[in-house]
Structures are given as C-alpha cells and as structure tokens.
Amino acid sequence: MPYVDRSNRICGFLDVEENEGSGRFLRRYFILDTQQGSLLWYMDNPQNLPIGAENVGSLKLTYISKVSDATKLRPKAEFCFVINAGMRKFYLQANDQQDLVEWISVLNKATKITVPKSGESHAPQPQIQSHGETPQDLLGAMKQVSYKTEIIGGVPIITATQEQGEGHNGAERGGRRRGQNQLPFFLSRGAQDQALIKAGFCVKQGAVMKNWKRRYFMLDENAVSYFKSDLDREPLKVIPLKEVHKVQECKQSDLMMRDNLFEVVTQSRTFYVQSDSPEDMHSWIKAISGAIVAQRGPGRSAATGAALTSQDWV
C-alpha cells in the first residue's frame with residue numbers, strides 16, 4: 001500500500017510498463033513528491049541504492065490529465081491502472097485491489113483531477129489545480145543510467161534508455177506474480193506441509209559490511225531463514241526461533257533513517273530488517289512473534305526471558 005515516508009512523500013512498489021504497448025511490466029519503487037510536483041520511480045527504494053542513485057523515470061504532475069482503472073483495457077494485467085499524460089499512457093500494476101484503489105485516489109488528489117461522470121453531457125475536461133494537500137491528507141481521504149527526453153503530444157517525458165543491473169534487488173518481475181506468502185517454486189508438497197507461515201522479500205543489513213541487500217525471507221514453525229533469491233534452494237542464514245529473544249519495530253531507526261524497520265534480537269546478534277511497507281513490517285512482527293509463542297508456549301516464553309509484549313504485536 002502507498003505510505004508516507006520520513007521525507008513526507010507518498011511511496012510504494014508498483015509494476016510499470018516502461019515501453020508502452022510492450023506488455024512487459026517491471027518492478028519499480030515509486031515516490032509521489034507533491035512538494036516537487038513529480039512522480040518518480042527507481043530501481044528499488046533509494047534507501048537501498050548507492051548514494052546519489054538516479055531515478056529511472058519521472059513525470060511532472062502538471063502533465064497528468066487522468067488516472068483511472070485499466071483492468072478492462074488490459075485484462076491480462078492484474079490490478080492495472082493507467083496514467084494519461086498528453087498522448088502517452090503509463091500502465092501500472094498494483095499489488096492488490098486495495099492498493100490499486102489507493103494509488104488512483106492519491107494520484108488524482110495530488111493532481112486535483114476532476115473526472116466527469118460517464119453519461120454527462122457537455123462535461124468539462126479534467127482540470128489540474130495547484131497542490132495544497134499534505135501526503136497525509138492525500139492518503140487519508142547504483143549505477144549510472146542514460147536518459148532520453150521525448151516530446152509526446154506536447155508533454156516532455158523523461159525515461160531511462162539503458163538500465164544496468166536489470167533484475168537486481170528483485171526489480172524485474174517475469175511471468176506470474178508471486179504473493180507475499182507464496183512458496184518458492186522449488187518447495188515440494190511435503191515441504192509445504194511443514195507449516196510455512198510467511199514468505200516474501202525484505203531488505204536486511206549485513207553483519208560485517210553493514211550494507212543493505214534484498215533477501216527472500218521464509219518463516220516456518222521452527223526458524224526464520226533468508227535466501228539470496230526466491231529461486232535458491234539453500235538459505236544464506238537460518239535463525240532458529242528458540243534463539244530469538246525479541247522481535248519488534250526498531251526504535252533506533254532514526255539513526256539509520258530507514259522506514260519500516262524492525263529488529264530480530266538473538267543472544268549473538270541483532271538482525272535489522274526493512275519491509276517494503278508499514279503493513280508488511282507489522283505483519284512480519286506479528287507472524288514471528290506468534291510463531292515463537294506457538295513453539296514455546298506463553299509460560300515458557302516468559303520464563304526464558306523471551307516474552308513478547310503487547311507492543312511487539314502491533
């Protein structure tokens with residue numbers, strides 16, 4: 001879901017058809033910056049990219065004339081909506097129906113578009129006004145890249161012409177879309193019966209270099225594991241739940257300036273993990289906390305010092 005980051009901008013992951021009509025959607029991190037009057041998209045969350053990494057696409061909000069549901073226009077593209085900018089159409093895929101509705105809403109509000117109802121005679125054309133609302137109001141109602149600027153229908157469109165490291169950090173999605181809790185393809189039916197609780201991509205801090213890399217996390221009834229990708233068979237690390245003392249939203253995240261950060265605390269190390277949204281962060285905290293309680297039982301958790309407070313369940 002779109003959320004407001006520390007810089008007071010609306011952010012979130014979407015899939016975008018960067019080459020109109022190609023039918024090829026790429027995973028990108030979008031930032032709706034109403035202060036600058038722009039919609040920007042990056043290979044990944046800029047917090048996870050090298051300092052100074054440039055966006056791979058941008059669009060001025062003043063060029064947007066309409067944002068609407070496009071599921072009927074693109075029946076093969078799930079949760080699809082379209083941004084009309086001059087004679088160019090940008091087709092995007094949301095993560096689910098609620099995500100689709102919220103993105104359409106915040107984009108229309110950010111550009112103050114009034115879309116006439118169907119059937120109205122002599123309906124006025126969509127209008128664009130100045131941006132007055134804050135992001136909260138809107139929600140409430142790497143490597144060098146070369147660019148090209150095209151004038152399409154009188155609208156300057158800036159897009160990347162050459163991308164390096166395509167697919168890095170899980171940026172490219174091919175084929176079927178995988179849900180947050182969907183199993184990697186290599187797991188057999190027998191493995192599915194071993195009570196997999198949650199799976200999905202997060203970003204974690206390295207133990208030595210303190211760099212941040214996107215990893216595929218899996219939680220079962222005994223451990224939290226993470227892999228280099230969702231295609232790998234062998235995990236990079238397995239964290240047994242019996243070694244976890246606490247899992248909670250990271251209150252020291254101001255030091256790292258990272259959104260949606262939580263920590264998994266063991267005796268030997270604290271693992272810092274960043275989710276792609278506040279909802280996903282809370283979901284991971286609740287899932288891991290619940291798995292620990294289920295494994296040890298409430299009494300044993302408290303007795304061993306691994307009790308989880310009600311705040312940890314938020």
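First, terms. I call two strands paired if DSSP finds at least two bridges between them. Helices (H or I, at least four residues) and strands (E, at least two) are DSSP runs, numbered from the N terminus. The model is predicted: local features need pLDDT of at least 70, side-chain atom pairs count only at pLDDT 80 or more, and totals for chains, interfaces and linings use all residues. Residues are numbered from 1 along each chain as its sequence is written, and side-chain values use heavy atoms, with hydrogens and water left out.

**Entry 1: strand S4**

I started with S4 and its partners. S4 and strand S5 (residues 57–60) run antiparallel, joined by four bridges. Trp41 stands opposite Gly57 in S5. On strand S3 (residues 26–33), I found five bridges to S4, again in the antiparallel sense. There Tyr29 faces Tyr42 of S4. The hairpin of S3 and S4 has four residues between the strands, and Gly37 in it takes a positive phi near 70°.

Next I looked up burial. Buried means under 20% relative accessible area, exposed over 50%, partly exposed in between (1.4 Å probe, protein chains only). Which way do the residues of S4 point? Ser38, Leu40 and Tyr42 point one way, Leu39 and Trp41 the other way, and all are buried. Five of the five residues of S4 are buried, so the strand is largely enclosed by the rest of the structure.

**Entry 2: aromatic rings**

I then turned to rings. Rings of Phe, Tyr and Trp (its six-membered ring) pair if their centres lie within 6.5 Å; planes under 30 degrees apart count as stacked, over 60 as edge-to-face and the rest as tilted. How many aromatic pairs does the structure hold? I count six. One of them joins Trp41 and Phe90 edge-to-face, at 5.8 Å centre to centre with 70° between the planes. This pair links distant parts of the chain: Trp41 sits in strand S4 (residues 38–42) and Phe90 in strand S8 (residues 88–93), 49 residues apart. Trp41 has 3% relative accessibility and counts as buried. Phe90 is also buried, at 3%. Another pair is Phe217 with Tyr226, which is tilted, with 5.3 Å between centres and 40° between planes. Both Phe217 and Tyr226 are buried. Phe30, Trp41 and Phe90 form one aromatic cluster.

**Entry 3: the seven-stranded sheet**

Phe217 stands opposite Tyr226 in S13. The two strands there, S12 (residues 212–219) and S13 (residues 223–227), pair in the antiparallel sense over four bridges. In what order do the seven strands of the open sheet run? I read S14-S13-S12-S11-S17-S16-S15, with antiparallel pairing. Strand S14 (237–240) and strand S15 (244–249) stand at the edges with a single partner strand each, so one side of each has no neighbour in the sheet. The twist averages 30° from one strand to the next. Axes here are lines fitted to C-alpha atoms, for helices over the stretch in contact, and angles run from 0 to 180 degrees between N-to-C directions.

**Entry 4: the largest cavity**

The largest cavity holds about 30 Å³ of space. Its volume is the space filled by probe spheres set on the points, which are joined across faces, edges and corners. What lines the largest cavity? The lining is Phe217, Val224, Phe262, Val264, Val273, Trp284 and Ile288. I sorted the lining into seven nonpolar, no polar and no charged residues. Here Ala, Val, Leu, Ile, Met, Phe, Trp, Tyr, Cys and Pro count as nonpolar, Asp, Glu, Lys and Arg as charged, and the others, Gly among them, as polar.

**Entry 5: two loop residues**

Last, I checked phi. Asn8 has a positive phi near 65° and is a residue other than glycine. Asn8 lies in the loop between strand S1 (3–4) and strand S2 (10–16). It is partly exposed, at 27% relative accessible area. Phe79, also not a glycine, has a positive phi of about 55°. Phe79 lies in the loop between strand S6 (64–69) and strand S7 (80–85). With a relative accessible area of 21%, Phe79 is partly exposed.

Conventions
1 Å grid on protein atoms, 1.4 Å probe; cavity = no way out; pocket = protein on both sides within 12 Å on 5 of 7 lines; lining within 4 Å.
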